[in-house]
Amino acid sequence: MIEVNNVTKIFNRGKANEVTAVKQLSLIIPAQEYVVVVGSNGSGKSTLLNLIAGSTFATSGDIKLDGELVNRSPDYERSRWIARVFQNPLSGTAPDLSILDNFRLAALRTKPKGLSIGTTEAFKKLVQDKIAILGMGLENKVQQTMGTLSGGQRQALTLLMSVMDECRILLLDEPTAALDPRSADLVMRTAEELVKTFKLTAILITHNLKDAFNFGNRIILMGEGQIIKDFSSEEKSNLKQSDLFEWFS
Ligand SMILES: Nc1ncnc2c1ncn2[C@@H]1O[C@H](COP(=O)(O)OP(=O)(O)O)[C@@H](O)[C@H]1O
Ligand SMILES: [Mg+2]
């Protein structure tokens with residue numbers, strides 16, 4: 001569960017370029033809910049995600065993850081709960097290394113130093129089993145280098161890597177923004193599949209209203225650092241795509 005309680009984030013406080021990116025925002029996301037966040041540029045969407053992830057701290061207010069107050073804990077401490085995926089599908093992977101080695105690196109990054117990730121064969125099997133979830137046939141190509149895959153395939157694998165260990169929260173900041181429509185669709189379907197399979201609590205920021213309509217079970221519209229609309233899963237299921245376009249414009 002994610003709890004954001006009356007959180008404000010002011011950048012450059014007291015300076016000429018002071019900006020209130022998030023304004024007295026409160027939001028509760030129960031476990032296993034998949035929330036889609038939409039809103040115009042500069043409305044505070046990424047800042048909200050950064051606050052939850054701990055890559056920036058709130059000016060005031062509280063953030064709790066699974067009931068634990070994390071206001072002052074930095075992102076690397078919160079990585080125990082949180083996995084993140086960003087716009088650029090390349091940023092999370094090494095193109096010259098094989099799929100398998102990329103998974104190995106990802107696993108090592110989040111494990112305490114010195115901890116083994118299992119024998120080569122056992123790890124390979126584990127990775128293959130996970131990749132099979134994607135239904136892309138890549139489980140038989142784990143020795144292929146990452147750079148030879150399409151943007152969509154890479155981003156789908158990045159998503160999978162990010163949820164390999166025990167983390168229960170997935171934060172996605174426009175993961176399809178740099179992709180062609182087909183790859184974007186693949187990534188969106190992968191995200192949905194992983195959220196279900198691993199019972200994740202997830203937040204997706206997107207500019208794509210169609211995606212907002214088709215994926216997730218709650219929609220939040222942000223404007224000027226605040227939540228303007230919040231459609232529960234029930235409200236969302238009664239929502240028409242045209243309504244959403246109307247709210248958005
Ligand atoms: N690190 C930062 N320093 C200063 N201002 C920032 C910083 N990050 C975001 N902002 C400002 O905060 C506001 C919200 O930005 P952001 O959260 O990135 O919006 P969105 O993701 O909805 O486009 C914008 O005015 C942006 O310029
Ligand atoms: Mg943003």
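This is a predicted model: local features need pLDDT of at least 70, side-chain atom pairs count only at pLDDT 80 or more; totals for chains, interfaces and linings use all residues.
Mentor: Residues are numbered from 1 along each chain as written, and chains are lettered from A and ligands numbered from 1 in the order written. Local features need pLDDT of at least 70 and side-chain atom pairs pLDDT 80 or more, while totals for chains, interfaces and linings use all residues, and side-chain values use heavy atoms, without hydrogens and water.

Trainee: Why is the contact of Glu33 and Arg218 called a salt bridge?

Mentor: A salt bridge needs a side-chain nitrogen of Lys or Arg within 4 Å of a carboxyl oxygen of Asp or Glu. The N to O distance between the side chains of Glu33 and Arg218 is 2.7 Å. That meets the cut-off, so the name applies. The structure holds seven salt bridges.

Trainee: Which parts of the chain does the pair link?

Mentor: Distant ones, 185 residues apart. Glu33 sits in the loop between β2 (19–29) and β3 (34–39), and Arg218 in strand β9 (residues 218–223). Strands here are DSSP runs of E with at least two residues; helices are runs of H or I with at least four; both are numbered from the N terminus.

Trainee: Are Glu33 and Arg218 buried or exposed?

Mentor: Buried means under 20% relative accessible area, exposed over 50%, and partly exposed in between, with a 1.4 Å probe and protein chains only. Glu33 has 15%, so Glu33 is buried. Arg218 has 10% and therefore counts as buried.

Trainee: What makes Asp101 partly exposed?

Mentor: Its relative accessible area is 32%, so Asp101 falls in the middle class. Asp101 forms a salt bridge with Arg104, with closest N and O atoms 4.0 Å apart. Both residues lie in helix α3 (residues 99–110), three residues apart, about one turn of the helix.

Trainee: How far apart in helix α6 are Glu192 and Lys196?

Mentor: Four residues, about one helical turn, in α6 (residues 181–197). Lys196 has a relative accessible area of 59%, so Lys196 is exposed.

Trainee: Which residues are around ligand 1?

Mentor: Being near takes one heavy atom within 4 Å. The residues include Phe11, Asn12, Ser43, Lys45, Ser46 and Thr47. The shell divides into three nonpolar, eight polar and one charged. Nonpolar covers Ala, Val, Leu, Ile, Met, Phe, Trp, Tyr, Cys and Pro; charged covers Asp, Glu, Lys and Arg; the others, Gly among them, are polar. Helix α1 (45–53) gives the most to the shell, three residues.

Trainee: Which side chains have an N or O atom at 2.9 Å or 2.5 Å from an oxygen atom of ligand 1?

Mentor: Ser46 at 2.9 Å and Thr47 at 2.5 Å. A backbone N or O atom of Ser43 lies 3.2 Å from a ligand 1 oxygen. The protein covers 60% of the 560 Å² of accessible area that ligand 1 has on its own, by the Shrake-Rupley method with a 1.4 Å probe.

Trainee: What is the strand order in the open sheet of four strands?

Mentor: The order is β2-β1-β4-β5, with antiparallel pairing. Two strands pair if DSSP finds at least two bridges between them. β1 (residues 2–11) and β4 (residues 60–65) have five bridges, so they pair. Asn5 has Asp62 in β4 as its bridge partner.

Key:
A polar contact is a pair of N or O atoms within 3.5 Å; within protein, one must be able to donate a hydrogen and the other to accept it, and residues adjacent in sequence count only if both atoms are side-chain atoms.
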